[in-house]
Number of protein chains: 4
Amino acid sequence: MSTIRVTVWNEYLHEIQFDQVAKIYPNGIHNCIGDFLKEAGMDVKTATLRMPEHGLTEAVLQDTDVLIWWGHMAHHEVADDIVQRVYQRVLDGMGLIVLHSGHASKIFSKLMGTNSGNLKWREDGEKEILWAVDPGHPICEGLDEKIIIEHEEMYGEHFDIPQPDEQVFISWFAGGEVFRSGCCWHRGKGRIFYFRPGHEVFPIYHMPQIQKIIINAVKWACPRKSPDVTYGNTQPIVSVDSKVEGVTGNPGLQE
Amino acid sequence: MSTIRVTVWNEYLHEIQFDQVAKIYPNGIHNCIGDFLKEAGMDVKTATLRMPEHGLTEAVLQDTDVLIWWGHMAHHEVADDIVQRVYQRVLDGMGLIVLHSGHASKIFSKLMGTNSGNLKWREDGEKEILWAVDPGHPICEGLDEKIIIEHEEMYGEHFDIPQPDEQVFISWFAGGEVFRSGCCWHRGKGRIFYFRPGHEVFPIYHMPQIQKIIINAVKWACPRKSPDVTYGNTQPIVSVDSKVEGVTGNPGLQE
Amino acid sequence: MSTIRVTVWNEYLHEIQFDQVAKIYPNGIHNCIGDFLKEAGMDVKTATLRMPEHGLTEAVLQDTDVLIWWGHMAHHEVADDIVQRVYQRVLDGMGLIVLHSGHASKIFSKLMGTNSGNLKWREDGEKEILWAVDPGHPICEGLDEKIIIEHEEMYGEHFDIPQPDEQVFISWFAGGEVFRSGCCWHRGKGRIFYFRPGHEVFPIYHMPQIQKIIINAVKWACPRKSPDVTYGNTQPIVSVDSKVEGVTGNPGLQE
Amino acid sequence: MSTIRVTVWNEYLHEIQFDQVAKIYPNGIHNCIGDFLKEAGMDVKTATLRMPEHGLTEAVLQDTDVLIWWGHMAHHEVADDIVQRVYQRVLDGMGLIVLHSGHASKIFSKLMGTNSGNLKWREDGEKEILWAVDPGHPICEGLDEKIIIEHEEMYGEHFDIPQPDEQVFISWFAGGEVFRSGCCWHRGKGRIFYFRPGHEVFPIYHMPQIQKIIINAVKWACPRKSPDVTYGNTQPIVSVDSKVEGVTGNPGLQE
């Protein structure tokens, strides 16, 4: 396998506006994540909201195997045409890893086909225990069966997502909630992983087990050289006896 | 179970523009479908593209348990705000049955999160054989294990959909293609069934076995009285020891 | 829909051997469950381990739409030929609802294809909160979004099951664990629902919301009149040009 | 990734008993498959039915990452304790690739929890077209969107399997049938791929695209270093207020 090319996208507003976040991520969440991915041998770029085209030009996306998405308070500022561009790249095979509050992003909701922004939340910094429910899954490689996070924002069910194609982690929270925290879906030729932990006021992305999960997820989501697929009007492969002449139901329009 | 309220939506252009379609469906595809649903004891309304708001007012949708969708050559004419309205109703629990070329409709693609318009097609009127691959499924009730359609438009894989939550039918075509013709998904509290057969120049919806499938699908997709779900900021159910004071990562914004 | 015929199977040992269980279920768990199913309009039989053929004769099973299974300390006493008989009936369409410690029964493990007996457990009688994660599912009809059980035995992940076809409930436990507590699978023409709550020393089956879930599950698992399916050597439906003479790879043996 | 250790198991009876099979596979199907896997850089062993313990000793299985299974006319000769041994290794993480008539093997049926031997078949040597329906799947890497096999035994639906976790290929047959030909499941920590083509009187395993699929499947099914999972009676992770004394429902028995 050649080197995986990852682009880490971050809203990059909290780190600038809030001291307590800046202390944890002095170079931004994107650079924290980028650093451990680089150490894992990946080719890493970063992009942020306030860059032109949010840093996600056609050229950047074409050069990206897996895109990581962290956003929280400015989902509405992401331009619809950039969302459409990312969407098309995922359907064409690019992997997408959506972190934490990215559940409410335009791109995630669009790929899910639901109001994925709907969930319960509470910022008490309570304990979370993340359980591996599919321990044979590639994203669980090298982990323990549970990860204890001493202080985190709570997310609780019901989480309005389609049932995951692969359910990898489920979280427990001290206040009484559960949450489907690690979920895989396939869309078009692309693969999507949603991973819950990562509130900006807790040093989640400094935890080695969390880093390991994100590294594993990038490998899992990385596209393969998939078949060229043709769409549209097509000739039969074997000769057809049952043919009818003069079918004109679809006059010059693409199906 | 009380009477199921169905709205049959039809583009209703082919029947007006093409004699060969008008002969098969003199009152429109919507009335043909509506008639056999009424006979099955359902409460039926119809709606078409050229009606104000495409016949899909808020009142109509609130009064609909299951919406049936047939569209083909004018998907682009369906207004985005009406699509959004139908989408929200599905997420809130309304069933949706998408027929034939409805695969390329805005509403279906939006609920799938893919380019569901992508498939192969051919209007040779060749033979289709529809196989039940989940014979225990409620939508297969009272059917034979296969349905032979002498002349139909071909749809072939790859069909760009998420893997169905429940795969009910797979079709064979004389020219060499296969197609996932009967597929179920859950989105929000709603249930969606895509059913392939139904090209307008063939009398598909006059076939009793096809009618039986659509009747079964309406019953399957009909919403139940589901739990009231709360979203947003929430109080703990059990008291939390691990609480942290002063978490301010999400300043006044909805998660 | 005609009256659903349910057989409630119970090991029926704890109620006889332990006073604290007998106080809660003086007529046995099977009769407690049978009573509320009768009240819901169902036709109910019961059967227990120490009856001849464990009460599950061919005649009883042929006369059963949905079988409910409660067993705990004597799974090994269930005869293999009776397990095989139940297994075949499920594949032929009978619904099966496996309760609580039935996860470790021979019949459940055989239908799962895994060591479904593998999980964590703890008999501290701690709090359980059962969350609906698929609120639009028929088994959630008429429920609240969560059910609080003040005292229950804990079951924790990893639970060694195939990923459910439909994940309906996930539980939270006071001690820090989560569990996939309500899970649906399809096997052959049959439908299976596993439902976790039900330790014998707590009055779980007296709770109205728990009763509602079991009633809903019986309705969901009830078989339909499904297609007659043929298996084995078969003639082509359309004539085949590509036929080869003298293929003898499979000499007189069933495939 | 270190070298993948594959064991190719073959019944190895047809090649000895039938000249027309011996001509195609002079060293047995197992060596044909073993040869192209070796060329792909894998560490290959073979094992056959008539070897002691069918060649599948505990030592061999412990030394196997992925087991390939080809059997046809002597499924009943495979000893139950060896089936149990393979079963346990799959649940512990070993990959398993079941080829063609292996659908009716004891091990496959046991892992499925169904009568997976149930399907339609016909030995006319007709045309098969294998379509990729999940082109982004790792098992499709480097393929075309369809593979045409000029002459093959037909397998037709209904195929009595649980709905695949990942549906990769669907086949078309000249005589009018369809078949789910490439299917993935997870069981315990193990991964299973069923792949249909491979009747012994046709040179299927000499086709480069078929070889590519089997190579891809071995890579997909190869186990990872997964978390150590603990089962059984366990201590709480966080302290429990709701504890009840004297719970004795499960007296000295493993849950």
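1. Let's start with a term you'll need throughout: two residues are in contact if their C-beta atoms, placed from the backbone, lie within 7 Å. With that in hand, look at Ile97(A): setting aside neighbours within four places in sequence, Ile97(A) is in contact with Val66(A), Ile68(A), Trp69(A), Phe193(A), Phe195(A), Ile214(A), Ala217(A), Val218(A) and Ala221(A).

2. A word on what you're looking at. This is a predicted model, in which local features need pLDDT of at least 70 and side-chain atom pairs count only at pLDDT 80 or more, while totals for chains, interfaces and linings use all residues. Residues are numbered from 1 along each chain as its sequence is written, and chains are lettered from A and ligands numbered from 1 in the order in which they are written.

3. Back to Ile97(A), and the core around it. A nonpolar core here is a set of buried Ala, Val, Leu, Ile, Met, Phe, Trp, Tyr and Cys residues joined through C-beta atoms within 7 Å; buried means 20 or more other C-beta atoms within 10 Å of a residue's own, exposed means 12 or fewer, and partly exposed is in between, with C-beta atoms placed from the backbone. The largest core has 155 residues, and those touching the most other members are Ile68(A), Ile97(A), Val218(A), Ile68(C), Ile97(C) and Val218(C). There is also a second, separate core of 154 residues, which includes Ala132(B), Ile204(B), Val66(D) and Val98(D). As a rule, nonpolar side chains in soluble globular proteins tend to be buried together.

4. Now zoom out to chain A. You'll find seven helices and 10 strands in chain A (DSSP runs, H or I of at least four residues for helices and E of at least two for strands, numbered from the N terminus). The C-alpha trace of chain A spans about 70 × 40 × 35 Å along its principal axes. Of its 255 residues, 61% count as buried. Among contacts in chain A with a separation of 6 or more, 69% are between residues 24 or more positions apart.

5. Beyond four places in sequence, its contacts include His30(A), Ala47(A), Leu67(A) and Ile68(A). Lys45(A) is 36 residues from Trp9(A) in sequence, yet their C-alpha atoms are 8.6 Å apart.

6. How do the copies relate? Chain D goes onto chain B with a rotation of 180°, a shift of 0.0 Å and an RMSD of 0.0 Å. These two copies are thus related as by a two-fold rotation axis, and the C-alpha in chain D nearest the axis is that of Trp172(D), at 3.3 Å.

7. Finally, the contact between chains B and A. Each gives 62 residues. On the side of chain B, β5(B) gives the most, with eight residues. Across the contact, β5 (residues 120–132) of chain A pairs with β10(B) in the parallel sense over two bridges (DSSP must find at least two for strands to pair), and Trp121(A) has Asn233(B) as its bridge partner. Because 100% of the interface residues of chain B are also interface residues in chain A, the copies meet through the same surface.

Terms used
Least-squares fit on C-alpha atoms with pLDDT ≥ 70 in both.
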